[in-house]
Amino acid sequence: MTLAELLPSIGCATEPVLEEGLWPDGTRSSGADLVIGGVPVTRLAAQFGTPCHVLDEATVRSRARAFVSALPEAEVVFAGKSLPCPEIYRWMASLGLSLDVSSAGELALARAAGFPASRILLHGNVKTGEDLKAALAYGVSRIVVDSFDEIAQLGALARHGQEVMIRVTPGVDACTHAAIATGVEDQRFGFSLASGAALEAILRVVEQPSLKLVGLHCHIGSQVRHVVSYEETVRRMVGLIASCGVRVGQLDLGGGFCAPYLPGEREFDLFGFAHRVRATLNYECALHRVPVPKLLIEPGRSIVANAGVTLYRVCAVKHGVNRTFVAVDGGMSDNPRPALYGAKYAVRLVGRGGELRPVTVVGRHCEAGDVLAENVPLPADVHAGDVLAVPATGAYHHALASNYNQVCRPPVVAVKDGVARPIARRETEEDLLRRYV
C-alpha cells in the first residue's frame with residue numbers, strides 16, 4: 001500500500017515530511033512554507049508568478065564539484081541539453097567543467113556565455129550542416145560523429161586536424177525506460193559494435209585527411225542506477241580499442257547517472273562509480289595491453305535535477321467518479337516528461353496544511369495525457385489559488401518546454417543566500433507574435 005493509499009484511512013492532518021534527497025540542498029520548512037536558497041517559496045510565487053522554475057545555485061555548484069572531486073583525472077563534461085542557459089554554462093565554466101552541446105542553438109548559448117571553445121564538444125545523433133559549420137566556425141575542440149554520412153560531410157567541411165570522436169553503441173542494456181535507453185543494439189544512436197560498424201567508422205575517420213581521431217564515445221541511457229552497466233561498457237569499449245589498431249587517447253562514457261524523483265529513491269553511487277570504473281578501465285587496458293585512455297564523463301541531470309523546483313498555482317479542483325483532479329496553470333508545456341515516458345513526481349502544497357488525501361495533478365492543456373502527477377497526497381480542501389511545489393525539476397524541464405496552446409514558457413529563477421534573480425525571463429505574448437509574418 002502506498003502512502004497516498006494509506007492516508008485516507010489514517011486521516012493524517014500533519015504536514016507531509018520534506019522528502020530526503022528530492023529537494024535542493026538546505027531546503028527547509030518554515031511553518032507551512034518552504035525556504036529554498038534562503039528564499040520563502042510563497043514569496044517566489046508572488047514575485048515571479050507561476051508556473052516558475054526555481055533553481056538553487058549552491059546545489060548546482062555542489063553537485064558539479066562532487067564529480068570533479070570524485071574523478072580528478074577525468075574530464076567532466078556538463079551535458080548542456082539538460083538545462084540550456086548561458087548563466088548555467090557560466091557556472092560550469094567557472095568550476096572547470098567542459099560542455100557538451102548538441103546543436104547550433106546550444107552552441108549559440110555557449111558562445112553568449114563566453115564558454116571556451118577548447119572545452120566544448122559537439123555531438124548528437126543527427127547534426128545538420130549548419131550545426132557542423134557553427135562548430136567549425138567557433139573552433140569547438142571535438143566533434144562526436146554519429147553516422148557514415150556525417151563523417152563524409154564533416155571531412156569535406158573541416159580544416160586539417162579537426163579532432164573527432166566516434167559514438168559507439170556498445171550493446172549494453174542499462175535497465176532503464178525504453179524511451180531513454182541508448183546503449184542497446186538496433187537503434188538510431190551511434191555505430192553498432194556488434195555489427196562491425198564501429199570499427200568501420202574508425203577506419204573511415206582515419207582515411208579523412210582533414211579529421212583526427214582522438215577518442216571513442218558512448219552513452220548507454222538515462223536514469224542509469226547500476227554501476228555494473230558502466231563496468232560492462234568499459235570492457236566492451238576497451239575491447240574495441242584493442243582490436244582497431246589505432247591509438248585511442250580518450251574514452252567518453254557519456255552520462256545518464258540517475259537522480260531521485262520520488263521518496264525512497266537513492267542518488268547515484270558516485271563514489272562507487274569512480275572507484276569501480278577506474279579499476280575496470282585499468283584492468284582491461286592491462287589485459288589487452290593498450291595505453292589507458294583519458295576518461296570523460298557527461299553528467300547533466302545528476303547535477304541540476306534536484307537543484308530545481310517548479311511552482312504552480314491551482315486553478316480548479318474537479319471531483320470525478322473515482323479521482324479528484326487538481327488542475328494547475330502549467331502542465332505538459334513546461335513538463336512533458338510524464339507524457340513522454342511516464343515520469344513520476346512528488347508534489348507538496350505550500351503555505352498551509354490540512355488533512356491529506358490522494359489526488360491527481362493535471363495541467364491546463366487540451367490533452368488527456370496532460371497529467372503531472374497521479375495519486376499524490378495533498379490537503380483534502382485544496383482549492384484554487386493554492387501554490388504547489390514539485391521537486392526534482394531542474395533537468396529537461398526548461399529544455400523541453402514548448403508553446404503548446406500558445407502558452408508562454410515560464411521563467412527560470414536562481415536563488416542563493418536569500419537572493420532571487422531570473423536567469424531566463426518569462427516568455428510573453430509579444431515573444432510569440434514576433435515569429436509570425
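A nonpolar core is a set of buried Ala, Val, Leu, Ile, Met, Phe, Trp, Tyr and Cys residues joined through side-chain atoms within 4.5 Å. Keep that in mind as you work through this predicted model.

**Exercise 1.** Find which members of the largest nonpolar core touch the most other members, and which helix gives the most to this core.

*Solution.* 
- Start with the core itself: it has 103 residues, and I166, L216, F273 and V361 touch the most other members.
- Next, the helix: α9 (residues 227-244) gives the most, with eight residues.
- Now zoom in on V361. Skip its neighbours within four places in sequence, and V361 is in contact with V326, V328, V347, V371, L372, A373, V376, L378 and L388.
- Finally, look elsewhere: another core, of 19 residues, lies apart from the largest one, and W23, V39, V41 and A389 are among its members.

**Exercise 2.** Work out which residues of helix α7 (residues 148-157) are buried and what covers them.

*Solution.* 
- Pick out the buried ones: E150, I151, L154 and G155.
- Check their directions: they cover an arc of only 130° around the axis, so they sit on the same side of α7.
- Recall the general rule: an α-helix has 3.6 residues a turn, so residues three or four places apart point the same way.
- List the cover, which includes α6 (129-138), β8 (142-145), β9 (162-169), β10 (191-192), α8 (197-207) and β11 (211-217).

**Exercise 3.** Decide whether R167 is buried or exposed.

*Solution.* 
- Locate R167: strand β9.
- Apply the cut-off: buried means under 20% relative accessible area.
- R167 has 5% relative accessibility, so R167 counts as buried.

Conventions: Residues are numbered from 1 along each chain as its sequence is written. This is a predicted model: local features need pLDDT of at least 70, side-chain atom pairs count only at pLDDT 80 or more; totals for chains, interfaces and linings use all residues. Side-chain values use heavy atoms; hydrogens and water are left out. Buried means under 20% relative accessible area, exposed over 50%, partly exposed in between (1.4 Å probe, protein chains only). Helices (H or I, at least four residues) and strands (E, at least two) are DSSP runs, numbered from the N terminus. The arc is that of the directions from the helix axis to the C-beta atoms. Contact means heavy atoms within 4.5 Å.
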